[in-house]
Amino acid sequence: MLELPEITTLCRQLQSSVADKTIRQVSVLSSPHKFAFFNRPAEDYPRLLVGRTLKQFHACGNYAILNLGNDLSLVLGDMGGRLLYHPAGEVLPQKHQLLIQFEDQTSLTLTLQMWGAILLLNPSQLASHSRLSHLSPAPLDDAFTLEHFQQRVNSIPLHEQRSLKFFIISQFGLPGVGNGCLHDILFNARLHPKFPLADLTPALQLNLWQAARATLRQMTDAGGRSSEHDLFDLPGGYVPTLSNDKVGSPCPVCGTPIERIIYLGGASFFCPHDQAI
Ligand SMILES: [Zn+2]
């Protein structure tokens, strides 16, 4: 799935590749996809997009906001797959759920894996959208201060007995971070995915906040994680410390073999020595 570092990279690349280009043709769902979520009928997408110009692009957690002017944004997010730019004349992928062709014959395609949302939102819908409204500020924004992070920690009632993994991948803790970036953030904070949120002392909160910001900065500066692809179909430059293919390999810090558990609907990787619960 594309998370904050990859979405931020895509937005930066969109800004330099397709900003100010006028849309000539749009098609959605040329390949049907059960888990492609639209907020409007398919025919509305060409009707509302053709003739318009993409202006600005910014990441909102794990969503990319493609601004089309004062009254409309195309919002792509909560998604796995590839958003690709195609120079004029390039053969397009066979399967895609969104195709945008520009006047200069260049195009964008979005091919989803797993699931994803393709939304057209006006400014008030954008401001009030249930998935988007709690994604700001993002962990790399100046507004994501330690105090802000602590407010997020304290917003979870103690009696709920939540773990760090729940807190983070539910988007309550670190907007834009899912079960991908999570592993290295917790490794760098030396915290176990099952560590109880209620036991996170102020010192550990500082520790996690610093580790999250530093890790996400590193991932974003490298153009995303190597398991995902950018707008030009190149893998990101950040090779995760913990991932499926590192299971059983020695921890780079202490040498203990990396372990894997299935927890909260997905795999978690950790060093049982450095991230003891
Ligand atoms: Zn270790």
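Visitor: Which four residues coordinate the zinc ion?
Guide: This is a predicted model, so local features need pLDDT of at least 70 and side-chain atom pairs pLDDT 80 or more, while totals for chains, interfaces and linings use all residues. Numbering starts from 1 along each chain as its sequence is written, and side-chain values use heavy atoms, without hydrogens or water. Donors are N, O and S atoms within 2.8 Å of the metal (3.2 Å for Na, K and Ca), and a site may look incomplete as water is absent. At 1.9 to 2.3 Å, the zinc ion is held by Cys251 (SG), Cys254 (SG), Cys271 (SG) and Asp274 (OD).

Visitor: What arrangement do the 4 donor atoms around the zinc ion make?
Guide: The angles decide it. Four donors count as tetrahedral if all angles lie between 85 and 135 degrees. Around the zinc ion the 4 donor atoms subtend angles of 101 to 116°, so the arrangement is tetrahedral.

Visitor: Is Cys271 buried or exposed?
Guide: Buried means under 20% relative accessible area, exposed over 50%, and partly exposed in between (1.4 Å probe, protein chains only). Cys254, at 30% relative accessibility, is partly exposed. Cys271 has 0% relative accessibility, so it counts as buried.

Visitor: Why is helix α6 largely enclosed, and which elements do its buried residues pack against?
Guide: Helices (H or I, at least four residues) and strands (E, at least two) are DSSP runs numbered from the N terminus. In α6 (residues 182-189), 7 of the 8 residues are buried, so the rest of the structure largely encloses this helix. The buried set is Leu182, His183, Asp184, Ile185, Leu186, Phe187 and Ala189. These residues pack against α5, α7 (202-221) and β11.

Visitor: Which residue just after α6 takes a positive phi?
Guide: Look directly past the end of the helix. There, with a phi of about 60°, is Arg190.

Visitor: Which residues does Phe166 contact beyond its neighbours within four places in sequence?
Guide: Phe166 belongs to helix α5 and counts as buried, at 18% relative accessibility. Its C-alpha atom is 8.4 Å from that of Lys194, 28 residues apart along the chain. With contact taken as heavy atoms within 4.5 Å, Phe166 meets Phe172 and Leu264.

Visitor: Which residues does Gln101 touch, not counting those up to four places away in sequence?
Guide: Gln101 lies in strand β7 (residues 98-102). At 17% relative accessibility, Gln101 is buried. Gln101 touches Thr22, Ile23, Arg24, Gln25, Leu92, Thr106 and Ser107.

Visitor: Which residues lie nearest the centre of the largest pocket?
Guide: On a 1 Å grid over the protein atoms alone, a pocket is an open set of points where a 1.4 Å probe fits, with protein on both sides within 12 Å along at least five of seven lines; lining residues have an atom within 4 Å of a point. β6 (80-86), α5 (164-169) and β11 (267-270) each give the lining of the largest pocket at least two residues. Of its 40 lining residues, those nearest the centre are Met1, Glu3, Gly178, Asn179 and Gly180.

Visitor: Which element gives the largest share of the lining of the second largest pocket?
Guide: His58, Ala59 and Cys60 are among the lining residues, as are Leu4 and Thr8. Two elements give two or more residues, α1 (4-17) and β3 (56-60). The largest share, 3 residues, comes from β3.

Key
Four donors count as tetrahedral if all angles lie between 85 and 135 degrees; four count as square planar and six as octahedral if opposite donors are over 155 degrees apart and all others between 65 and 115; anything else is irregular.
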